[in-house]
Amino acid sequence: MAFEQSIQSVSGPANASLTTKQYYAVVFNSSGNIAVAGAGVPIAGVLQNAPASGDGAEVAVSGISKVALGGTATAGTMAAVDSAGKFLNAVSGDIAVGVFVKGGSSGEVGSMLVKDIGKIW
């Protein structure tokens with residue numbers, strides 16, 4: 001079962017409705033609002049709630065967070081983000097954004113240590 005532990009979070013206004021995006025990767029956009037991240041970019045963290053547009057979005061920036069999986073996730077493996085803002089195992093050329101501590105398959109919820117690792121060569 002996925003779990004969370006020792007989360008440190010920040011908040012900001014949701015750029016759009018994020019009511020179906022809890023546990024997705026997010027970024028701060030150019031307006032300072034929280035938006036779903038795409039593939040190949042560093043992330044601000046993991047969305048912890050499900051805010052409507054303009055409401056406060058809580059973002060885990062460190063600790064172990066639950067994460068929405070978009071592909072295979074293996075415990076102990078570095079994590080990357082897919083084009084929909086979900087998490088999966090990182091491969092060469094990806095920007096690693098954390099390490100899975102509880103894996104799973106696409107459509108499930110796993111757990112990840114939120115950690116800015118950077119590009120995998």
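Biologist: Which residue in β9 is the bridge partner of Ile64?

Modeller: Happy to start there, keeping in mind that this is a predicted model. Strands β5 and β9 (residues 109–119) are paired antiparallel through six bridges. Within that pairing, the β9 residue bridged to Ile64 is Leu113.

Biologist: And which residue of β5 is the bridge partner of Gln8?

Modeller: Here we look at β1 (residues 5–13), which pairs with β5 (residues 56–68) in the antiparallel sense, with seven bridges between them. Gln8 has its bridge partner in β5, and that partner is Ser62.

Biologist: What stands opposite Val46 in β5?

Modeller: Strand β4 (residues 45–47) runs antiparallel to β5, and two bridges join them. Opposite Val46 we find Ala60.

Biologist: Is Asn33 buried or exposed?

Modeller: Asn33 sits in the loop between β2 (25–28) and β3 (34–36). Leaving out residues up to four places away in sequence, Asn33 touches Pro13, Ala14, Asn15, Val27 and Phe28. Its relative accessible area is 18%, and the cut-off for buried is under 20%, so Asn33 counts as buried.

Biologist: How far apart in space are Ile117 and Ala79, C-alpha to C-alpha?

Modeller: Ile117 belongs to strand β9 and is partly exposed, at 35% relative accessible area. Its contacts, not counting residues up to four places away in sequence, are Met78, Ala96, Gly98 and Val99. Ile117 and Ala79 are 38 residues apart in sequence, and their C-alpha to C-alpha distance is 9.3 Å.

Definitions and conventions:
Residues are numbered from 1 along each chain as its sequence is written. This is a predicted model: local features need pLDDT of at least 70, side-chain atom pairs count only at pLDDT 80 or more; totals for chains, interfaces and linings use all residues. Side-chain values use heavy atoms; hydrogens and water are left out. Two strands pair if DSSP finds at least two bridges between them. Helices (H or I, at least four residues) and strands (E, at least two) are DSSP runs, numbered from the N terminus. Buried means under 20% relative accessible area, exposed over 50%, partly exposed in between (1.4 Å probe, protein chains only). Contact means heavy atoms within 4.5 Å.
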